[in-house]
Amino acid sequence: MHNYIAVVFDDAHKAYEGLHALWLLDGAGEITVHGAAVIHRDSLGAIQVDTKETHPVLGTAAGVGIGALLGALAGPAGAAVGAAGAAAIGAATGGVVGATVDLSREDTRYQALDESRFVLGLGQSAVIADVSEDWTSPIDTRMGKLGGVVYRRAKSDLEDDAWFNDYIPSSYLYPYEYIPSAYPL
Amino acid sequence: MECGYEANPIHVEKEIMANPAPSAARTAAETNVKDALGHVRTAAQELHSAISDAVAKRGGATKADLEVFGQKAKAVAESAKNSMGGQSDAAKKHIKDAVTQLEATQQHVADGLKTSGQAFQTSMRQVLADARASVQNISEAVAAARTAASSKTK
């Protein structure tokens with residue numbers, strides 16, 4: 001089954017351990033990872049995306065798509081506000097994300113942040129990934145041992161959602177393990 | 001961790017011979033086919049990583065970068081075609097799509113070599129998008145191959 005997942009951890013280093021574990025599961029043939037990225041919510045509520053240091057273009061795309069994905073994982077209400085909330089999302093090492101969606105309504109921004117908080121709390125980090133898995137237990141078991149909480153939605157569910165379809169995020173998730181130098185394992 | 005594999009079909013063949021089957025339940029032929037696809041995936045990942053780094057670097061990619069990417073895209077496409085034998089229909093479809101995208105990558109490389117300035121950087125972004133799409137399809141092919149192998153052993 002082809003799914004999008006978010007695995008939430010209490011800190012960034014645990015999230016990178018989770019990312020590494022995800023790619024190890026891929027290497028063992030237990031799952032197939034098509035792409036993954038790590039995001040953080042700081043103590044003020046802003047979400048940041050770890051990207052390659054010199055990759056602001058990717059950071060912008062990632063901001064919009066990850067906002068949409070987080071909203072979708074938060075639940076049906078979150079899907080509608082996830083992309084709008086992307087304005088508050090920055091690339092941690094790539095600079096501030098450009099405002100590529102309509103952010104004129106302040107209440108929408110606050111609502112988006114509020115909705116995605118159901119998935120990612122203040123100070124938490126998450127691995128988001130596009131994966132194929134025949135069973136959910138390999139990811140659930142491994143991430144559980146690392147202290148991660150797994151959220152999962154079928155890719156087909158999101159693709160059937162006409163609203164979300166504009167923000168299918170596969171194109172910006174790293175299709176290989178990328179760990180910034182700030183997070184040595 | 002960045003991928004460090006060269007997209008060379010001959011290298012792929014040598015690697016396949018050097019890696020014995022991980023499971024006794026799989027035939028040697030099946031394993032070689034799956035390993036070949038795995039190596040194609042690694043090569044495509046490396047190509048995408050190199051292109052994204054070149055696009056992002058200060059001053060952008062150079063024409064010398066672009067020439068190298070064109071050669072690598074061609075090598076990965078050849079390896080992908082060679083890995084198709086013995087795969088499931090689902091995996092074959094993804095590999096074919098990946099080959100089409102790698103050919104588009106080569107075409108955008110050729111276009112980029114004829115341009116300069118903003119048009120050149122636009123071509124580079126198209127090359128990056130094509131390469132990302134090809135990695136996605138090869139990865140989907142790997143998933144399809146794993147699912148097929150898994151259902152055989154049940």
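1. A word on conventions. This is a predicted model, in which local features need pLDDT of at least 70, side-chain atom pairs count only at pLDDT 80 or more, and totals for chains, interfaces and linings use all residues. Residues are numbered from 1 along each chain as its sequence is written, while chains are lettered from A and ligands numbered from 1 in the order in which they are written.

2. Chain B has five helices and zero strands, giving the order α-α-α-α-α from the N terminus. Helices here are DSSP runs (H or I, at least four residues) and strands likewise (E, at least two), numbered from the N terminus. Of the 154 residues in chain B, 44% are buried; that term asks for 20 or more other C-beta atoms within 10 Å of the residue's own, with C-beta atoms placed from the backbone.

3. Asp65(B) sits in helix α3 (residues 63-82) of chain B. Why does Asp65(B) count as buried? Because it has 20 C-beta neighbours inside 10 Å. Its C-alpha atom is separated by 9.6 Å from that of Val55(B), 10 residues apart along the chain.

4. A nonpolar core is a set of buried Ala, Val, Leu, Ile, Met, Phe, Trp, Tyr and Cys residues joined through C-beta atoms within 7 Å. The largest has 41 residues, and those with the most contacts inside it include Ala6(A), Ala36(A) and Ile128(A). Among the elements giving it two or more residues are β1 (2-9), α1 (12-27) and β5 (125-133) of chain A. A second, separate core of 32 residues includes Ala77(B), Val99(B), Ala131(B) and Ala143(B).

5. Do look at α3(B) and helix α4 (residues 89-113) of chain B, whose axes come within 9 Å and cross at roughly 160°. The axes are lines fitted to C-alpha atoms over the stretch in contact, with angles running from 0 to 180 degrees between N-to-C directions. The two helices are therefore roughly antiparallel, a label for angles over 145 degrees.

6. Among the residues making this contact are Leu66(B), Phe69(B) and Ala77(B) of α3(B), and Ile95(B), Val99(B) and Leu102(B) of α4(B).

Terms used:
Buried ≥ 20, exposed ≤ 12 C-beta atoms within 10 Å, placed from the backbone. Parallel < 35°, antiparallel > 145°, perpendicular 65-115°, else oblique. Contact = placed C-beta atoms within 7 Å.
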